[in-house]
Amino acid sequence: MEKMSQFTDIVKDACATSLGTSAEQLHNLRNSSVTITGGTGFLGTWLTEVLTSLNDHHDFGIQLHLIDREIESFSRISPHLASRSDVHLIEADVRYLSELPRDTQWLIHAAGDPDTRNHFSNPVKTLNLLSAGTQSVFALAEQLPKIRMVLNLSSGLIYGPQPEEMETIPEDYSGAPSLTGLQSVYSEGKRFGEMVANAYRNEARLPTTNVRPFSFIGPFQKLTSPWAATNFIMDSLQDRPIRILGDGTTLRSFMYGSDAAVWLLHMLSRGTSGDIFNLGSSESIDLKSLARKISEQFSNPQPVILSAGGPEAQKRSVLVPSTKKAETQLGLSLRIPFDDAVNMTVKWFKSQHGGTL
Amino acid sequence: MKQIIVSDPTLRDGNHAVRHQITKEQVKAYCQAADLAGIPIVEVGHGNGIGASSLQLGLAKCSDEEMLTTARAALKNSQLGIHMIPGFATIKKDLVKAIEWGVDVFRVAAHCTEADLTQRHIEYVRTQGKTVWGVLMMSHMVTDNILLEEARKMEQYGAEAFVFMDSSGNYLPEQVRTRVSTLVNGLSIPVGFHGHNNLGMAVANSVAAVQAGATVLDGCARGFGAGAGNTQIEVLVAVLERMGYKTGIDLYKLLDAADLAEKEILPSVPYVNSASIVSGLAGVFSGFKRPVERIAKEFDLDARDIFFELGKRKIIAGQEDYILEVAHELKALGRNGKDVAVH
């Protein structure tokens with residue numbers, strides 16, 4: 001019971017910190033109905049935490065519909081959300097939906113599997129989920145009588161490789177993924193999704209926003225996911241050295257889950273149709289430093305081992321967004337500093353007896 | 001000086017050559033000798049890997065547990081490796097136990113076009129903090145680019161090295177060179193080569209592989225392995241040292257280990273016989289040699305004709321039933337064992 005309380009307290013405190021004094025700026029969401037496809041994934045869960053926090057502490061009166069192919073694990077990991085009367089779970093594949101909840105005013109389309117391993121194993125299915133799924137959701141959104149905005153979650157990967165001389169990628173950068181390999185299946189699917197949103201905005205005058213998420217850290221990630229941060233946390237939880245392929249100079253940046261959710265709600269309810277925003281942190285960190293930071297959170301810090309790879313592994317990869325647009329247009333800023341984000345994430349996974357392995 | 005990791009599957013691939021009858025005592029003796037020689041990785045198990053002992057594939061003399069725990073106790077410095085093919089082996093039945101028995105390096109293998117079968121297994125081993133490599137067999141059957149696409153899948157799943165096998169001993173050095181270059185340029189993880197000696201090219205192909213950028217090579221004592229045998233490890237290490245590559249292996253002690261293997265394990269030293277040459281030319285798995293020869297005799301056919309026909313049909317390990325089908329059809333066509341196939 002104490003563990004469960006610690007587990008939810010970390011999340012609730014984070015939601016309060018990320019919201020800060022900005023709750024009132026989200027007043028458009030008051031007494032409305034929000035639907036999230038892919039609603040039980042990492043971002044969907046954090047959105048649910050923040051929206052229910054707005055209901056509990058600011059009387060927002062939001063009704064929330066979460067649509068996902070798999071809701072069992074959500075009920076297991078977040079029973080405090082799954083059992084709420086203002087949260088409605090719908091188990092469905094968005095490709096085959098016949099309707100969206102009729103009262104939906106705000107729609108966030110977050111369905112899609114970001115696991116790169118599955119993209120390589122099932123490229124056709126991945127493309128189908130992204131293309132047919134997005135088309136299905138927008139076709140149904142067009143029928144909603146009260147719809148005010150459809151926020152389409154795209155991906156930071158749509159820019160293709162970030163040029164080395166470019167410190168952060170701005171939204172108007174016109175790079176694109178390579179079409180020569182399966183590594184672009186997901187990013188191309190997401191590019192197509194953005195065009196679906198643009199087409200519906202033009203042809204059906206459906207209000208749409210495209211948001212391009214980058215890298216995140218926080219509770220509700222799966223430790224078995226192929227992401228650097230989760231791998232490092234899992235290694236540390238199991239008291240074993242952290243292994244990094246290459247020289248560890250790859251640059252990434254990480255945004256905490258509650259900050260990501262709050263930013264998304266601002267983009268959803270305060271943006272204008274046609275907006276495009278990056279979602280992430282512009283503060284970069286190399287993987288070697290990230291591994292050390294995570295390792296230091298444990299009583300028995302494990303060594304970081306760099307393993308030799310081929311020439312490809314020695315190339316310094318960078319993927320860091322510019323967030324100036326969200327900062328200037330919507331006045332947003334990171335409320336959870338990176339060091340706190342790492343600390344809170346590790347604490348949460350420790351409270352879960354080793355995490356959702 | 002460039003470091004090459006040499007992995008030794010004498011006690012795994014060699015098991016093919018003795019119908020999987022390697023004993024615990026042999027495992028212990030060879031592991032001790034290999035450990036003394038400083039061989040980085042010693043691979044142990046049924047010829048088709050962990051979990052493969054069966055009537056269909058051949059019952060092993062020793063269980064996986066007996067072989068692996070014996071090897072573990074004998075290896076003080078060398079890492080213990082296994083070969084595993086999803087389907088023959090499963091996570092719950094085999095990999096969980098292999099971790100308990102102290103295996104360090106898991107080589108998860110699949111046919112060259114079926115890397116996606118290895119996703120769950122590679123992921124599982126990675127989450128357990130063990131070293132996992134991806135291995136693709138019968139790699140001569142696909143183009144360089146297809147092999148790269150399949151290898152990339154294994155890299156995405158979490159493999160920390162990629163090894164391609166010349167299962168039928170079909171490659172020539174120039175092919176290996178271009179293949180390795182493609183892989184090294186397209187992958188972030190180290191690339192390795194596992195040679196077979198059907199055309200007498202195993203060492204030459206391995207040398208071509210390192211010259212093109214491979215940093216992992218397999219080799220067996222006296223070449224002990226399926227068909228005409230594998231790359232002969234003692235020759236390989238000697239040649240690598242002479243070329244200026246570093247292996248960390250003590251050559252004298254390696255030669256002692258190979259002498260011991262010849263004396264204690266090998267019923268006969270593998271050599272390139274006529275069937276091996278044909279199997280290599282036809283691009284058919286070396287392990288087909290025994291059943292093809294047996295069936296050829298039963299049907300009064302020329303084993304060489306069967307091999308070439310199997311090669312034309314791109315038959316792979318696990319499709320042994322086709323040997324009979326091919327024999328039936330060749331017989332019906334009137335082949336009587338006296339015709340000479342021209343290819």
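**Domains, interface and packing**

Author: The C-alpha centres of domain 1 of chain B and domain 2 of chain B are 25 Å apart. The model is predicted, so that local features need pLDDT of at least 70 and side-chain atom pairs count only at pLDDT 80 or more, while totals for chains, interfaces and linings use all residues. Residues are numbered from 1 along each chain as its sequence is written, and chains are lettered from A and ligands numbered from 1 in the order in which they are written.

Reader: What makes these two parts of chain B domains, and where do their bounds lie?

Author: The bounds come from an automatic or database domain assignment. For chain B that assignment gives domain 1 as 5–264 and domain 2 as 274–332. Their contact takes 15 residues from domain 1 of chain B and 12 residues from domain 2 of chain B; two residues are in contact if their C-beta atoms, placed from the backbone, lie within 7 Å.

Reader: How many residues of chain B are in contact with chain A, and which helices supply them?

Author: On chain B, 20 residues are in contact with 22 residues of chain A. Helices H5 (119–127), H6 (144–157) and H7 (173–186) of chain B each supply at least two residues of that side of chain B. Helices (H or I, at least four residues) and strands (E, at least two) are DSSP runs, numbered from the N terminus. H6(B) gives the largest share, 5 residues.

Reader: Why is H2(B) called roughly antiparallel to H10(B)?

Author: The axes of H2 (residues 24–37) and H10 (residues 251–264) of chain B come within 8 Å and cross at roughly 165°. Axes are lines fitted to C-alpha atoms, for helices over the stretch in contact, and angles run from 0 to 180 degrees between N-to-C directions. Angles under 35 degrees count as roughly parallel, over 145 as roughly antiparallel, 65 to 115 as roughly perpendicular and the rest as oblique. H2(B) is therefore roughly antiparallel to H10(B).

Reader: What makes H9(B) roughly antiparallel to H10(B)?

Author: The axes of H9 (residues 233–243) of chain B and H10(B) come within 9 Å and cross at roughly 165°. That angle makes H9(B) roughly antiparallel to H10(B). The residues of this contact divide into 7 nonpolar, no polar and 2 charged.

Reader: Why are E3 and E11 of chain A said to stand at the edges of the sheet?

Author: The open sheet of 7 strands in chain A has the order E3-E2-E1-E4-E5-E6-E11, with parallel pairing. E3 (87–91) and E11 (276–279) of chain A each have a single partner strand, so one side of each is left without a neighbour in the sheet.

Reader: How do you know that E1(A) and E2(A) pair?

Author: Two strands pair if DSSP finds at least two bridges between them. E1 (residues 33–37) and E2 (residues 63–68) of chain A pair in the parallel sense over 5 bridges. In E2(A), His65(A) is the bridge partner of Thr35(A). Helix H2 (residues 42–58) of chain A packs on the sheet, and its direction makes about 170° with that of E2(A).

Notes:
Nonpolar A, V, L, I, M, F, W, Y, C, P; charged D, E, K, R; others polar.
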